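Reader: Could we go through the pockets, the core and the aromatic pairs of this model? I would like each term given with its cut-offs.

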Amino acid sequence: MSFGTGTDALARLAEERVDHRFKGLPPDAEGLTVGELTAQRRNLFSDGFATPVLALSAERLEHNLALMETYTERHGLAFAPHGKTSMAPQLFRRQVEHGAWGITLAVPHQVRVARAFGTRRIFLANELVDAPALRWIAAELERDAEFRFLCYVDSVRGVELMDAALKGSSRPVDVVVELAAGEGARTGVRTEAECAAVADAVAGAAGTLRLVGVAGYEGEVPRADPDRVHAYLRRLVALAVDFDKAGRFAGTDEIVVSAGGSAWFDAVADVFAEIPALSLPVLKLLRSGAYVSHDDGRYREVTPFNRVPEEGALEPAFRLWAQIVSRPSAEQAFANAGKRDAAYDLDLPFAQVIRRDGTERPATGVSVTGLSDQHAWLATTPEADVQVGDWVGLGLSHPCTSFDKWQLIPVAEADGTVVDYVRTFF
């Protein structure tokens with residue numbers, strides 16, 4: 001299990017009081033605990049929720065969790081989904097219950113959140129050189145013998161800083177050398193020779209660091225296409241093979257090879273299936289995170305399931321509900337959700353449905369053309385039937401910048417019954 005004593009912390013989320021901090025919740029729920037509000041099973045559309053309100057589909061959320069569980073099992077992959085997508089410990093728990101090895105994170109604050117809720121296996125997909133954070137990690141490793149923590153190293157200088165901060169630690173920090181996805185890509189070591197130099201530096205810090213594998217992020221491959229992505233991933237595997245032949249993984253009981261964003265995990269499955277037998281068991285660790293909610297934009301377009309439809313399909317689980325507050329002309333309307341509420345860094349929201357008097361229909365002739373801080377600009381064609389007071393359901397693009405705008409998100413069944421509330425910690 002990769003969850004520990006955080007069960008109590010998760011349970012205490014239900015004791016939190018509903019108040020002004022949480023957008024979209026019914027005003028008359030003020031003072032109830034989240035657990036009490038959940039037990040009321042209110043309807044999103046008829047029981048006092050105020051727009052704008054973001055909701056997760058209960059059915060689609062469960063579908064996505066189950067689909068990636070079976071996908072990773074079928075391909076022999078361990079799974080550490082990237083938790084920075086949701087920063088929701090309740091979803092971390094459900095991901096682990098659906099077979100995840102652990103959770104991937106990006107910065108020390110996120111690790112602290114995950115640890116507060118009992119996550120016992122964490123892959124930090126970043127080099128960590130902040131001395132106070134490293135000392136805190138060392139203390140967590142000493143406090144909890146079952147805590148497993150791994151992070152990137154991508155420079156000799158970084159190794160030196162880590163070693164200096166961790167002097168005197170009782171357990172070494174496990175690290176993986178990050179291989180860059182190419183020139184001009186994001187982080188990571190650019191050449192295999194430089195990777196060897198970083199590995200040598202880790203070996204020289206044997207009391208504080210332990211080299212356990214290699215990792216990278218194929219989503220940063222320049223001009224990515226299937227051939228370039230496969231070629232990069234084969235470089236990553238070859239690096240692991242070369243390190244193993246050189247005896248660089250002495251002192252560990254398994255070799256970690258890790259990659260995988262949300263756009264190319266089919267390529268990761270293909271190439272990781274080719275990993276030859278090494279001197280130790282191999283943990284083939286996939287890190288895709290956006291799957292948990294999927295979306296109606298960027299990830300709907302790039303999901304690998306478009307290339308392998310026989311393996312299933314993710315379903316967009318988010319919908320942002322806003323209300324039409326102005327209809328100044330036949331060509332224009334305004335809804336009361338804007339940049340504070342909706343992801344907009346990759347695509348604008350998509351007008352999907354209109355609700356009026358309990359009836360829902362397609363948002364024909366309605367499109368979002370822009371966002372202000374608190375307004376969505378809607379263009380309306382002659383066939384659009386939109387009135388002030390209507391609710392408009394918006395699809396979103398990019399889960400990572402949807403979750404972060406909401407602290408408490410209703411989880412609603414298809415008929416609108418709210419069965420849970422997901423708390424986020426950004």
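Author: Helices (H or I, at least four residues) and strands (E, at least two) are DSSP runs, numbered from the N terminus. This is a predicted model, in which local features need pLDDT of at least 70, side-chain atom pairs count only at pLDDT 80 or more, and totals for chains, interfaces and linings use all residues. Residues are numbered from 1 along each chain as its sequence is written, and side-chain values use heavy atoms, with hydrogens and water left out.

Reader: Which element gives the most to the lining of the largest pocket?

Author: That is α11, with 3 residues. A pocket here is an open set of points on a 1 Å grid over the protein atoms alone, where a 1.4 Å probe fits, with protein on both sides within 12 Å along at least five of seven lines; lining residues have an atom within 4 Å of a point.

Reader: How much space lies in the largest pocket?

Author: About 700 Å³. The volume is the space filled by probe spheres set on the grid points, which are joined across faces, edges and corners.

Reader: And which residues are closest to its centre?

Author: Of the 31 lining residues, they are Lys84, Arg186, Tyr217, Gly261 and Tyr299. Two or more lining residues come from each of β4 (121–127) and α11. By class, the lining has 13 nonpolar, 11 polar and 7 charged residues. Ala, Val, Leu, Ile, Met, Phe, Trp, Tyr, Cys and Pro count as nonpolar, Asp, Glu, Lys and Arg as charged, and the others, Gly among them, as polar.

Reader: What about the second largest pocket?

Author: The second largest pocket holds about 410 Å³ of space. Its lining has 22 residues, and Ser57, Arg319, Trp321, Glu413 and Ala414 lie nearest the centre. The lining divides into 10 nonpolar, 3 polar and 9 charged residues. At least two of the lining residues come from each of β1 (53–57), α3 (58–74), β10 and β12 (350–356).

Reader: Back to α11. Where is threonine 303, and is it buried or exposed?

Author: Threonine 303 is in the loop between α11 (298–302) and β10 (318–329). Threonine 303 counts as buried because its relative accessible area is 6%; buried means under 20%, exposed over 50%, and partly exposed in between (1.4 Å probe, protein chains only). Not counting residues up to four places away in sequence, threonine 303 touches Ser262, Phe265, His294 and Leu314, where contact means heavy atoms within 4.5 Å.

Reader: Which members of the largest nonpolar core touch the most others?

Author: Phe149 and Val173 do, in a core of 115 residues. Such a core is a set of buried Ala, Val, Leu, Ile, Met, Phe, Trp, Tyr and Cys residues joined through side-chain atoms within 4.5 Å. Helix α9 (residues 226–245) gives the most to this core, with 9 residues.

Reader: How many aromatic pairs are there?

Author: The count comes to 13. Rings of Phe, Tyr and Trp (its six-membered ring) pair if their centres lie within 6.5 Å; planes under 30 degrees apart count as stacked, over 60 as edge-to-face and the rest as tilted. Phenylalanine 117 and phenylalanine 425 form a tilted pair, 5.3 Å centre to centre with 45° between the planes. The two residues are 308 residues apart in the chain.

Reader: Why is the pair of phenylalanine 334 and tryptophan 377 edge-to-face?

Author: Because the planes of the two rings lie at 70°, with the centres 4.9 Å apart. Phenylalanine 334 is in strand β11 (residues 332–335) and tryptophan 377 in strand β15 (residues 376–380).
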